[in-house]
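Here are my notes on this one, in the order I went through it. Have the coordinates open while you read.

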Amino acid sequence: MRTAYGVETVRAAERELMARLPEGALMQRAAAGLAVACGQLMGRVYGRRVVLLVGSGDNGGDALYAGARLARRGAGVTAVLLAPERTHAGGLAALRGAGGTVISGSGSGSGAAERAIRRADLVVDGIVGIGGRGGLRADAVPLVEVVREAGVAVVAVDLPSGVDADSGEVSGVALRADLTVTFGTHKPGLLIDPAREYAGTVRLVDIGLGEVLPEPAELEALQHADVARLLPVPGVESDKYRRGVVGIAAGSARYPGAAVLAVAGALRGGAGAVRYVGPAADAVIARFPEVLVSDQGPHKAGRVQAWVVGPGAGDDAATVAEVLEADVPVLVDADGLRLADREAVRGRTAPTLMTPHAGEAAALLGVGRGEVEGARLSAVRELAAGYGATVLLKGSTTLIADPAGGAVRVNATGTGWLATAGSGDVLSGLGGSLLAAGLSALDAGSVGAYLHGLAGRLASEGSPVGAQDVAEGVRRAWRDVQDV
């Protein structure tokens, strides 16, 4: 499992570890890993031209020490100092001792800095460290623009300058990296959009923090092996009830396809049986004759271990309310999110999993969509706390938050090809089947998001797909995970 920690936690861990080590050892570990990563990105070191953009913090020191290592291997290294009077003294001396060049990044030195950047094979971004807030300062922006215009490869030190390490927010100008070399642990901003888009490929350098970081982490990202351990695989004594029966209350005269796709997600997600309630029974049976249908409403549909309510439901508030009264886990999606009474959700004793996209989350929070997309972590936490439910916030990075707090799960297996009508309905059925199989709301949301994203990738392989392709892709994703 990949984990991420916030700034204050990382700093406390660094202080504890530095107290046990010789002075400067932690920075040297970071610089060594950074230099290796830079060399690998360039392909060779000797004869390459490297520009270091150096701010006043420890990130600048990391960049300078790494630059000294590259200079000793034959690279031509130029350090552009954005705060000359506050530059890390030891790192600056090391670079000069290795033959590196130092120029100012402002005033009379700005022309030289621009020329160096335009000739460079690599730019190392050591402008701002993990404590940076609110985008880059005005004096750094011109250099960032030159880097963009030059099209030179960029390696960020710990995280791209201008992004918020704790939240993933980008509230001003930031420098986009091709590779981010982060130290000790991931930071939340490296895993959450929009900041994640600026990080490029992320490489973690072990500097020994693992032994002093607390549990739990602030962010978790499941990997293949984690998902494989959570998959509900039937045993020799399994029957349809042991595997999980999921009820689907979805669809309407206008949106019958939502019901079909939610059922498809549930069946591909491993449900032992699916019970369908709603006006799209004929369409469901025509596609999936094994589904059990009822026109008597959720209370009389028969035994289920979980419910999915809302996809394509239109204005059927009565059915949403009836499902929320059930004493089994419930997944609420799409129209169900709009129709569900907040206090009814908060009053439930069984688990509830809500699965909004950014627009639906914005409506629930009473803010603009852009506000949710720019501050995804705070939005998902606020919704989980406000509704007393586990919330899965869909998007380029899907976040899953538990109402009790703890680590927020993040999933990045998705692809832009999943932005197609009905894809979310498939995810609803898939998540419902996992709830019915006995997974917690947090695990069901996390595994469902992982499989759904992987299904989109496997189904599309870089080409357009529809929701039915995504549903079929779930089968392939399941096999792919089980092969670990």
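1. Starting with R338: at 48% relative accessibility this residue counts as partly exposed (buried is under 20% relative accessible area, exposed over 50%, partly exposed in between, using a 1.4 Å probe and protein chains only). Helices (H or I, at least four residues) and strands (E, at least two) are DSSP runs, numbered from the N terminus.

2. A word on what you are looking at: this is a predicted model, where local features need pLDDT of at least 70 and side-chain atom pairs count only at pLDDT 80 or more, while totals for chains, interfaces and linings use all residues. Residues are numbered from 1 along each chain as its sequence is written, and side-chain values use heavy atoms, with hydrogens and water left out.

3. On to the other salt bridges, of which the structure holds 20 in total. One of them joins D158 and K187, at 2.9 Å from N to O. This pair links distant parts of the chain, 29 residues apart: D158 is in the loop between β6 (153-157) and β7 (179-183), and K187 is in the loop between β7 and α7 (195-199). Both D158 and K187 are buried. Also have a look at E16, R20 and E211, which are linked in a network of salt bridges.

4. Of the 20 residues of α19, 18 are buried, so the helix is largely enclosed by the rest of the structure.

5. R476 lies in helix α20 (residues 467-482) and E461 in the loop between α19 and α20, so the pair ties together parts that are 15 residues apart in sequence. E461 counts as exposed at 60% relative accessibility, whereas R476 counts as partly exposed at 34%.

6. Now the sheet. It is open, has eleven strands with mixed pairing, and runs in the order β1-β9-β18-β17-β16-β15-β14-β13-β10-β11-β12 (two strands pair if DSSP finds at least two bridges between them). β1 (2-4) and β12 (292-294) stand at the edges, each with a single partner strand, so one side of each is left without a neighbour in the sheet. The twist averages 20 degrees from one strand to the next. As a local example, β15 (residues 352-354) and β16 (residues 390-393) pair in the parallel sense over two bridges, and M354 has V391 in β16 as its bridge partner.

7. Last, G24: it is in the loop between α1 (7-18) and α2 (25-42). This residue is partly exposed, with a relative accessible area of 38%.

Key:
A salt bridge is a side-chain nitrogen of Lys or Arg within 4 Å of a carboxyl oxygen of Asp or Glu. Axes are lines fitted to C-alpha atoms, for helices over the stretch in contact, and angles run from 0 to 180 degrees between N-to-C directions.
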